[in-house]
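The sequence and structure come first.

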Amino acid sequence: MDQVSALAIAESAAYRPAILNTGHFPMITAQNATDIQVWQKLNPQLSISNGVSPGTEIAEIGADKAGFDGGALSERFWDEGYFLIHDVLAAGELEKLRSGIEVLVANGLPPALIYLYDEAWDVFRRLRPLLTHFLGDRIALLPHFWAWHVDPDADGSGWPPHRDYQGESTIGDEMLISLSLWVPLSNATPENGCMHVLPRNFEKGYPAPVSEPGEVRLQDIRALPAKPGAVMGWRQDLYHWGGRASPYAFEPRISLSLEFQNAAFDPLADQLLGLDHPPVFLDRLALIAKQFEKYRHMQSMDAETLKWANDVVDACATINHMQ
Ligand SMILES: [Fe+2]
């Protein structure tokens, strides 16, 4: 597909049904997906560096530049289990990513493919000072990431209530082993399915940790609206979920998430990634495609999409074996 037709579809799509349940076969075949040019043409406003260091320096956010107040964040984080910082990321880069996801969706492709592009990884590279504040100097990316396009016109919803990691994500109430970050690319509101949490200090008062949603007291639920530029983070044992979008919502909830760990601790996954060096193109593609099988219990997914993702994994493996 050429650039013009891809963008034309994006502009005329006006938010199609939830991407992973469209019933439409993705418009890029699994074999074509291994061609880097296909993706560069699809989203020419974004780049795929493919192992070469990105040409532009990443401007990191910093406490000394009014980026965030580490002390206040820590206090809330260790009490309530999460933090939410507003207006910390530049809107321009986020807008490019938002349009990238809209183009993917318009082409029948899952939003998670946005991680093919450098700019999606750059968002989190910019947040290194924040990550260092919570995880120390040795930060590794966990190969657990996803992107959402929660569509108000298709009864869209975020993921159901869950904890990102069932095991120990902290040592006591002082040292963090792993952390989840979440970044909105559109206005996330209670109307379009923003994030919700059960604050940890509330859950501590329960007779036992919540094991199913019905055990959450309704008044303890906290909706966390956030605009592009905000960053949310939570300890991985925090009970959280995305809401369901109203058909009257003005825009889809579009967002990214990525998980991190303090690399001084034993790896929490088979493969840890470096913050400064996103995988080369084919590895990125295979890594993204592998997320589908992993998250099928969290995200309704039609059989065609799942088959497409598995075919992409196979196509990447075939090429890597030939090289
Ligand atoms: Fe989660």
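The model is predicted.

Asp 164 is partly exposed, with a relative accessible area of 22%. His 240 counts as buried because its relative accessibility is 1%, under the 20% cut-off.

The whole structure contains 19 salt bridges. One of them pairs Arg 126 with Glu 93 at 3.9 Å, N to O. This pair links the loop between α5 (118-125) and α6 (128-135), which holds Arg 126, to helix α4 (residues 91-106), which holds Glu 93; the two are 33 residues apart. Arg 126 is buried at 17% relative accessible area, whereas Glu 93 is partly exposed at 23%.

In another salt bridge, the closest N and O atoms of Lys 204 and Asp 173 are 3.6 Å apart. Lys 204 lies in the loop between α7 (200-203) and β7 (222-224), and Asp 173 in the loop between β3 and β4 (175-176), 31 residues apart. Lys 204 is exposed at 51% relative accessibility; Asp 173 is partly exposed at 37%.

## Further pair and network

Asp 237 and Arg 235 form a salt bridge with their closest N and O atoms 2.7 Å apart. Arg 235 is buried, at 2% relative accessibility. Salt bridges with shared partners connect Glu 60, Asp 122, Arg 125, Arg 128 and Asp 276 in one network.

Notes:
Residues numbered from 1 in each chain as written. Predicted model: local features only at pLDDT ≥ 70, side-chain atom pairs only at ≥ 80, totals over all residues. Heavy atoms only, no water. Buried < 20%, exposed > 50% of the residue type's maximum accessible area, 1.4 Å probe, protein only. Salt bridge = Lys/Arg side-chain N within 4 Å of Asp/Glu carboxyl O. Helix = DSSP H or I, 4+ residues; strand = E, 2+ residues; numbered from the N terminus.
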